[in-house]
Amino acid sequence: MQFHALQFDAQLNDVNANRTTVEAMCSSLPLQGDDFIVLQEMTDSGWSMDIYAIGEHDTLDWATKLSRSLNAWIQVGYAKPNGNRGTNCVSICSPKGHVVATYEKTYTCNPFGENDTYDCGDSLKIIEINGFRICPMICYDARFPELWRLAALEGVDVFTVSSSWPIARIDQWKGLLVGRAIENQAVVVASNRIGTDAIAPWGGMSLIISNQGAILKEASQNRAETITAQIELSAIREWKEAFPVFDDVKRELLGKMRVETIVP
């Protein structure tokens, strides 16, 4: 199965401009049918703290139309309002134009004040697509390995990460995601934005990492681009069988967060 990650300079709260950019980039992808495309955190608004501005837009209507037109799975980021607060979400849109799962960010990035606007989610989602078990994550979640372990114990093959990660800590971005891939024996496909806005300069370096920590594809830190890799499910499953790390996990040391598996 082919996986793709996109990165671009999101214009804060300029939904039309950002959607035009995403559509143009997706049209240039070497799609084979039933591919999986990972887009940035809060894809069409940028990582905004203005819940009133970004809550007005029907991102999912746009994203499902796009996924249907491309005959591809799309992970799209957006904010879901709830009064004067909201949750930071990604949804998985199917090639048939349906939303099959929505994940709400578990760890808000409180050093940047995200908790002033957004509430935390309380469950993980695993989506079964073409035999792959895929788990979406969002940005700051990468710093909390206990979250990923809970999903890995349910047999996740690929983690898909939508992000707005600053360039000041971009080396940590790469190190953390390589670590998450190795310890969970799963592929990581991560999209990160570029450019600068009022919050920070953003670091790009979107990544596709193998289940043993090898960098399969790596984007630049400052250029809009796409990356693509063919991922073989058999290679992921064979490594898990050859080196059965999870047999030694002490489950009693982990939390009890709800993990939901969805078969579209």
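Strands S11 and S12 form a hairpin with five residues between them, and Gly213 in the turn has a positive phi of about 90 degrees; strands here are DSSP runs of E of at least two residues, and helices are runs of H or I of at least four, both numbered from the N terminus. This is a predicted model, in which local features need pLDDT of at least 70 and side-chain atom pairs count only at pLDDT 80 or more, while totals for chains, interfaces and linings use all residues. Residues are numbered from 1 along each chain as its sequence is written, and side-chain values use heavy atoms, with hydrogens and water left out.

**Strand pairing**

- S11 and strand S12 (residues 215–218) run antiparallel and are joined by three bridges, where two strands pair if DSSP finds at least two bridges between them.
- S10 pairs with S9 in the parallel sense over six bridges, and Ser162 stands opposite Ser191 in S10.
- S9, helix H5 (residues 170–184) and S10 make a right-handed β-α-β unit, right-handed meaning that, with the strands pointing away from the viewer, the path from the first strand over the helix to the second runs clockwise.

**Burial of S10**

- Six of the six residues of S10 are buried, that is, under 20% relative accessible area with a 1.4 Å probe and protein chains only (exposed is over 50%, partly exposed in between).
- Both faces of S10 are covered, with Val187, Val189 and Ser191 buried on one side and Val188, Ala190 and Asn192 buried on the other.

**Aromatic pairs**

- The structure holds nine aromatic pairs, counted when the ring centres of Phe, Tyr or Trp (its six-membered ring) lie within 6.5 Å, with planes under 30 degrees apart called stacked, over 60 edge-to-face and the rest tilted.
- The rings of Trp47 and Trp202 have centres 6.0 Å apart and planes at 90 degrees, so this pair is edge-to-face.
- Trp47 lies in the loop between strand S2 (36–38) and helix H2 (51–54), and Trp202 in the loop between strand S10 (187–192) and strand S11 (207–209), so the pair ties together parts that are 155 residues apart in sequence; both Trp47 and Trp202 are buried.
- Trp148 and Phe159 form a tilted pair, at 4.6 Å centre to centre and 40 degrees between the planes.
- Because Trp148 lies in helix H4 (residues 145–152) and Phe159 in strand S9 (residues 158–163), their pair ties together parts 11 residues apart in sequence; Trp148 and Phe159 are both buried.
- Phe3, Phe36 and Phe132 form one aromatic cluster.
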